[in-house]
Amino acid sequence: MFRSAINRWCAGEEKRVDSRTIYVGHHQIPGVETFLPQSFCDNRIVSSKYTYWNFIPKNLFEQFRRIANFYFLIIFLVQVIVDTPTSPVTSGLPLFFVIIVTAIKQGYEDWLRHKADNSVNRSSVYIVNRRQIVEKQSEKIQVGDIVCVKEDETFPCDLILLSSSREDGTCYVTTASLDGESSQKTYFTVPDTNAFRTDVEIDSLIATIDCEQPQPDLYKFVGRIHVFSDKQEPIARSLGPENLLLRGATLKNTDKIYGVSVYTGMETKMALNYQGKSQKRSVVEKSINMFLIVYLGILVSKSLIGTALKYIWQLDPSNDEPWYSSKTLKEKNANKFIKMFTDFLSYMVLFNFIIPVSMYVTVEMQKFLGSYFITWDKDMYDDLLDEGALVNTSDLNEELGQIEYVFTDKTGTLTENNMEFIECCIDGFKYKNVGIEMSVVDGIPSTDDPHNRVCGMAGKEKEELFLRALCLCHTVQIKEEDKVDGLVKQQGKQYMYISSSPDEVALLQGAKKLGFTFQGMEKNWMKIQNRDTEVEMYELLQVLNFDSVRRRMSVIVQDRSGKIFLFCKGADSSVFPRVKAGKQEEIKFHVEHSAVDGLRTLCVAYKEFAQDEYDQFSTQLHAAKMALKDREEKLAEAYDNIENDMHLIGATAVEDKLQDQAAETIEALHSAGMKVWVLTGDKMETAMATCFACRLFNSNMKLLELTIKYIEEYRTEGAEKVHELLLELHKAVVQDKRCSSASLLRSWSVTQEYGLIIDGAALSLILKPTQDGTSNYKNLLLQICKRCTAVLCCRMAPLQKAQIVKMVKNTKDHPITLAIGDGANDVSMVLEAHVGIGLKGKEGRQAARNSDYAIPKFKHLRKLLLAHGHLYYIRIAQLVQYFFYKNLCFILPQFLYQFFCGFSQQPIYDATYLTLYNICFTSLPILLYSLVEQHINIEILKKDPSLYRTGKCCFVRLYVQLDEDELDVFKNNS
């Protein structure tokens with residue numbers, strides 16, 4: 001432990017700079033006379049909270065931060081110091097019991113973490129040292145060590161891939177333990193180091209790596225490597241996330257790799273991702289402190305009344321000094337004010353049992369044990385995933401019964417994220433695929449042969465160009481058989497495509513049905529089989545990876561004749577502004593029509609380079625990749641210059657089917673009084689079609705549009721355009737609802753329902769602060785949204801999703817919010833909401849890892865809220881109220897007894913009864929009751945969602961949240 005502390009102290013110097021320099025294999029650089037090895041932290045993982053020497057002080061400090069524990073400690077000290085009517089045991093024993101039980105629970109949990117840490121830190125790894133493999137413990141890996149990892153082994157630290165047993169210098173990795181993605185990802189070596197494939201060769205490698213300091217983003221890495229040679233100048237290559245093997249990932253379909261450690265121990269990305277997660281607190285937990293303050297006020301009041309009545313009683317000399325209890329000389333000469341203060345403390349001790357000392361530990365046990373009922377629920381088990389629900393935190397169980405707003409993602413949450421190629425548009429003509437035959441639309445005519453050579457109306461050249469673009473513009477890999485290089489052809493010459501994006505696999509499968517088949521890569525050459533069964537070869541020159549800002553990706557390839565092409569695919573909003581030729585209007589019409597049908601669309605474009613033009617772009621791209629500072633900005637600028645003046649070829653449309661029972665679940669949430677908002681990055685037409693399919697919108701609902709396109713077309717000009725439009729919508733929705741609510745009392749007319757559609761650009765404009773710093777736009781938008789039955793937010797960036805959740809969460813009413821999603825783009829809103837739900841979906845499990853609860857499917861949200869949430873809220877409400885109620889009833893006879901014992905502070909209860917009342921007699925029965933009580937059958941709760949609405953207006957929220965805002969919420973909900 002001391003050594004680890006020294007390592008971290010030493011490493012503090014290098015954290016002052018923006019980058020670190022790593023010497024591969026700890027070899028000295030030629031021509032450098034002095035070699036000063038840098039100090040970094042060791043590879044020890046520490047997930048535990050306590051150590052052997054700080055457990056007692058740290059745990060006691062955390063426990064005595066609680067009001068009740070600290071209060072009873074003060075009372076115990078008063079009983080020890082001052083002559084009080086009750087023994088110190090009556091306060092000390094319950095307090096020590098609670099402290100010890102809590103310490104044992106937390107100590108056991110931390111011991112399990114220590115045990116898990118030791119199993120990881122002491123596992124065997126293999127290091128290349130002095131031209132041979134040496135076995136070491138994982139915790140002894142140092143930055144700069146060359147590590148050898150074999151197939152199916154996990155990486156012990158963050159490694160830069162130096163060489164692979166595969167000829168093409170790649171390796172396959174699964175990152176399920178990091179982001180939940182079970183699909184294999186491809187990582188690449190640096191071409192200049194891949195030739196070092198044996199222990200002796202790799203140990204002779206002399207190189208340095210300059211890279212950024214550790215940061216938690218799993219998908220970002222900036223660095224460069226300098227490879228030194230005796231005969232040549234040092235060679236510099238850029239390093240990115242495609243070269244970084246993360247700790248916890250597993251090597252697949254590769255015999256072995258060599259990598260140099262760049263981040264170790266608590267500086268690895270895996271360790272950084274499990275740190276700093278904010279702790280959420282439930283409304284009930286906050287309410288307990290309010291209860292304690294109120295009861296503390298009652299306690300002080302009773303003590304003051306008792307002290308005052310005592311001295312009023314003693315105004316009569318016969319009561320002050322009766323014949324059977326004469327005062328001593330010391331008592332007669334004592335300071336009267338000190339005596340009054342001592343009497344006040346004695347009353348505080350006598351009445352201190354009004355504060356329930358064991359309530360915290362009982363509430364914790366109820367939450368912890370109650371969470372297992374969610375995990376054990378067979379109705380929330382998915383056979384396909386072979387997994388059930390997961391509780392990441394049990395502190396928010398009761399919040400599930402108070403939800404007022406549900407924010408949900410669309411793709412992968414409401415839909416299956418299982419893409420199927422439906423149709424495409426080539427040069428303005430539509431090609432639709434049904435099964436394996438081409439139907440007559442306005443492209444290829446119907447035929448029994450799916451690979452027919454009869455050209456559609458777009459022409460053979462345009463068709464083949466479009467299909468080549470689909471087969472080349474992607475990052476898909478061919479699945480290979482273990483320990484066998486080369487392609488594996490399944491029965492019927494079917495290729496198994498591997499990709500982290502289901503869209504790319506669907507597009508390749510669609511291209512195959514249209515006659516073009518991607519057959520994988522040989523070294524750096526991409527193979528395509530065309531309609532004539534001829535194999536075409538293209539050298540892959542550059543990959544411009546997809547990102548959420550550009551919303552597109554591109555590849556630059558060169559065919560055997562030397563022609564250089566750029567193929568690009570992306571969202572219509574990001575591609576259309578960058579094309580200069582092509583049938584834009586016809587293709588745009590097909591894209592919008594497909595979006596209305598609920599299909600996901602992508603536009604495809606291309607560009608041909610001259611050699612000198614490509615060389616110029618390649619130089620700019622290389623400079624951007626080599627930059628250690630502001631690399632992302634420089635790459636974005638380079639991509640912007642390259643992806644310009646393209647020719648539009650066509651568009652694709654794939655279908656993402658709705659999840660099972662998604663519509664029924666949303667209807668149930670509406671019936672339960674919850675407002676459902678859909679936050680998605682998809683285009684408006686696609687999102688609207690999904691909302692109608694899942695019954696978020698209906699035909700009787702009046703839809704209001706607040707998009708940037710509608711704002712630009714609005715009749716008012718100038719800066720007041722947004723304000724005027726919001727005022728008009730506010731008048732239509734808010735005032736109309738008020739009028740209809742009044743008229744509803746006089747007629748049977750149905751109130752008009754409204755739905756709002758808003759996009760990311762309009763939201764940015766509305767949330768942008770005005771010149772005087774006011775947020776009038778934001779307030780108007782909130783009032784409109786609150787009056788709408790359903791809200792759809794499309795074209796949303798991840799940060800905007802979190803902004804919307806935060807905006808609603810911080811309104812005057814302080815509603816309880818829930819966010820549910822399945823992808824990395826949903827993590828921000830899942831963390832922002834009061835309750836975060838992660839789906840174990842196909843977009844990875846970043847949301848599930850960062851959530852409070854994880855469920856397999858969206859349909860399971862219904863039972864989680866309507867049954868489990870409702871019951872947990874009722875149970876915890878009764879538990880908390882019971883503790884305060886029974887202690888008030890317990891201490892009231894003691895207060896009344898003072899009127900019959902001359903206010904002499906005599907206890908009415910035996911000391912043993914006082915000691916065991918809280919920790920045994922009254923805690924165990926209510927704990928059992930709060931775990932198994934079902935005031936309504938679970939099946940009835942699931943069938944009648946309206947019970948959820950009536951349940952959340954009762955108990956704690958009504959009696960505890962006494963401020964005006966909360967009372968308004970109760971009145972509205974009632």
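Visitor: At what distance from the ring centre does Arg560 lie over the face of Trp525?
Guide: This is a predicted model, in which local features need pLDDT of at least 70 and side-chain atom pairs count only at pLDDT 80 or more, while totals for chains, interfaces and linings use all residues. Residues are numbered from 1 along each chain as its sequence is written, and side-chain values use heavy atoms, with hydrogens and water left out. A charge sits over a ring if NZ of Lys or CZ of Arg is within 6 Å of the ring centre and within 35 degrees of the ring normal. Arg560 lies over the face of Trp525, and its distance from the ring centre is 5.3 Å.

Visitor: Over the face of which residue does Lys105 lie?
Guide: Here the charge belongs to a lysine, Lys105. At 5.8 Å from the ring centre, Lys105 lies over the face of Phe368.

Visitor: Are the rings of Tyr295 and Phe884 stacked, edge-to-face or tilted?
Guide: Rings of Phe, Tyr and Trp (its six-membered ring) pair if their centres lie within 6.5 Å; planes under 30 degrees apart are stacked, over 60 edge-to-face, and the rest tilted. By this rule there are 28 aromatic pairs. With centres 4.9 Å apart and planes at 55°, the pair of Tyr295 and Phe884 is tilted.

Visitor: Which helices hold Tyr295 and Phe884?
Guide: Both Tyr295 and Phe884 are buried, meaning under 20% relative accessible area, where over 50% is exposed and in between is partly exposed (1.4 Å probe, protein chains only). Their pair ties together parts that are 589 residues apart in sequence. Helices are DSSP runs of H or I with at least four residues, strands are runs of E with at least two, and both are numbered from the N terminus. Tyr295 and Phe884 lie, respectively, in helix 8 (residues 283-313) and helix 28.

Visitor: What is the relative accessible area of Asn887?
Guide: Asn887 has its place in helix 28. Beyond its neighbours within four places in sequence, Asn887 is in contact (heavy atoms within 4.5 Å) with residues including Phe353, Pro356 and Tyr917. Asn887 is buried, because its relative accessible area is 0%.

Visitor: Which residue forms a salt bridge with Glu267?
Guide: A salt bridge needs a side-chain nitrogen of Lys or Arg within 4 Å of a carboxyl oxygen of Asp or Glu. Glu267 sits in the loop between strand 13 (256-263) and helix 7 (269-273), and its partner is 247 residues away in strand 1. Both residues are buried. With the closest N and O atoms 2.8 Å apart, the partner of Glu267 is Arg20.

Visitor: Is Lys863, which forms a salt bridge with Asp379, buried or exposed?
Guide: The closest N and O atoms of Asp379 and Lys863 are 2.8 Å apart. Asp379 counts as partly exposed because its relative accessibility is 44%. For Lys863 the relative accessibility is 11%, so this residue counts as buried.

Visitor: What is the order of the four strands in the open sheet?
Guide: Two strands pair if DSSP finds at least two bridges between them. Strand 8 (residues 207-212) and strand 9 (residues 223-227) are joined by five bridges, and Asp210 stands opposite Arg224 in strand 9. The edge strands, each pairing on one side only, are strand 1 (19-23) and strand 10 (235-239). The pairing is antiparallel and the order is 1-8-9-10.
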